[in-house]
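Let me put the chain on screen before I write anything down.

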Amino acid sequence: RVHCTTTKGEIDIDVHPEWAPLGAQRYLELVRGGHYNNIGLPRVNGVIVQFGADWRDRDTKSIELRHVSIKDDPKPPGQIANKMSLKRGQLSYAGGGENTRSASIFFVTKPNPYLGRAAWEVPFGEVIPPGMSVVDSFYSGYGDFQMFKCDTCNAPDLTQYWLHGNAYLKKEYPLLDYMLECHVVEGLNVSSTHNAQGMPRESVMIVDLKQPSTIDPAAIACYVAALGFIVGFVKMQFF
């Protein structure tokens, strides 16, 4: 179990290695390394609360882990039984493609049929009641990331967040909530107390652009940088 203190109260999270062995192990390593201490919650869109991409002012070990992706875990039996969907209160990783999970994670606040279909969207833990009342109270006025270009997409710019971390958030988004401190409650084994919900991975990933996407800001920043390099190279060669 992991205990977290936030700007809105305290949350207990049961971590389940039997659902997602690799995901659970990485999460616990990051918690022990202090990665989720004093970290902003930049994406609160009514469906998920996503955070964890920040790498500035982190412990050296957590920074090293942040830049090493892990393989996707297979969808657990409970998720198969739930037609692929994640359940309210579960935690999963955001990603930018298969095998890109690193440190960006999210709470599920409002399940839908699309959330859980991506290869990286495998639950590794769940919030214990009454913790979801705290998650539901996180400030949501900024909505979704600007890259989705919707009427309520006023959340932080991904590139600026990646480059400047909490300093950017505190200056430009003063109403955001934060994870203040998370630690592992040692000696407590909760692996046999619950059953995950979802579906198995499909051979073709289904993406609906109208639905919220669990994008890892780090992956987006890498893609933008790579695209800029390619465009610059083409200009030098042909113009």
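Here are my entries, grouped by what I looked up.

**Ground rules**

I am working with a predicted model, in which local features need pLDDT of at least 70, side-chain atom pairs count only at pLDDT 80 or more, and totals for chains, interfaces and linings use all residues. Residues are numbered from 1 along each chain as its sequence is written, and side-chain values use heavy atoms, with hydrogens and water left out.

**Disulfides**

I began with the cysteines and found two disulfides (pairs of cysteine sulfur atoms within 2.5 Å). One joins Cys 4 to Cys 182, with an S to S distance of 2.2 Å. This pair links distant parts of the chain, 178 residues apart: Cys 4 sits in strand β1 (residues 2-6) and Cys 182 in strand β9 (residues 178-184). I note that helices (H or I, at least four residues) and strands (E, at least two) are DSSP runs, numbered from the N terminus. The angle about the S-S bond of Cys 4 and Cys 182 is 115°, and the link is right-handed. Cys 4 and Cys 182 are both buried. For burial I use relative accessible area with a 1.4 Å probe and protein chains only: buried is under 20%, exposed is over 50%, and partly exposed is in between.

The other disulfide is formed by Cys 150 and Cys 153, with the sulfur atoms 1.9 Å apart. The torsion about the S-S bond of Cys 150 and Cys 153 is about 100°, so I log this disulfide as right-handed. Is Cys 150 buried or partly exposed? Cys 150 counts as partly exposed because its relative accessibility is 37%, while Cys 153, at 6%, counts as buried. With the bonded cysteines numbered in sequence order, I wrote the pairing down as 1-4, 2-3.

**Salt bridges**

I turned to charge pairs next. Side chains of opposite charge can pair when their charged atoms come close. My criterion for a salt bridge is a side-chain nitrogen of Lys or Arg within 4 Å of a carboxyl oxygen of Asp or Glu. The structure holds eight salt bridges, and I followed some of them.

Asp 14 pairs with Arg 1, with the closest N and O atoms 2.5 Å apart. That bridge links distant parts of the chain, with Asp 14 in strand β2 (residues 9-15) and Arg 1 in the segment before β1, 13 residues apart. Asp 14 is buried, with a relative accessible area of 2%, whereas Arg 1 counts as partly exposed at 26%.

Arg 26 forms a salt bridge with Glu 29, where the closest N and O atoms are 3.9 Å apart. Both lie in helix α1 (residues 21-32), three residues apart, about one turn of the helix. Arg 26 counts as buried at 5% relative accessibility, and Glu 29 as partly exposed at 32%.

Asp 73 bridges to Arg 101, the closest N and O atoms being 2.9 Å apart. Asp 73 lies in the loop between α2 (60-66) and α3 (77-81) and Arg 101 in the loop between β6 (90-93) and β7 (105-108), so the pair ties together parts that are 28 residues apart in sequence. Asp 73 and Arg 101 are both buried. I also noted a network of salt bridges that links Asp 72, Asp 73 and Arg 101.

**Nonpolar cores**

Which residues touch the most other members of the largest nonpolar core? A nonpolar core here is a set of buried Ala, Val, Leu, Ile, Met, Phe, Trp, Tyr and Cys residues joined through side-chain atoms within 4.5 Å. Of the 32 residues in the largest one, I listed Val 2, Ile 11, Ile 13, Tyr 27, Tyr 36, Phe 107 and Met 179. β1, β2, α1, β5 (48-51), β6, β7, α4 and β9 each supply at least two residues of this core. Helix α1 gives the most, with five residues.

I zoomed in on Ile 11 and its contacts (heavy atoms within 4.5 Å). Leaving out residues up to four places away in sequence, Ile 11 touches residues including Val 2, Cys 4, Phe 107, Val 134, Phe 138 and Met 179.

**A residue in α4**

My last stop was Asp 136, in helix α4 (residues 131-136). Asp 136 counts as partly exposed at 43% relative accessibility. Leaving aside neighbours within four places in sequence, Asp 136 is in contact with Arg 88 and Thr 109. I also checked Asp 136 against Ile 48: they are 88 residues apart in sequence and 9.7 Å apart in space, C-alpha to C-alpha.
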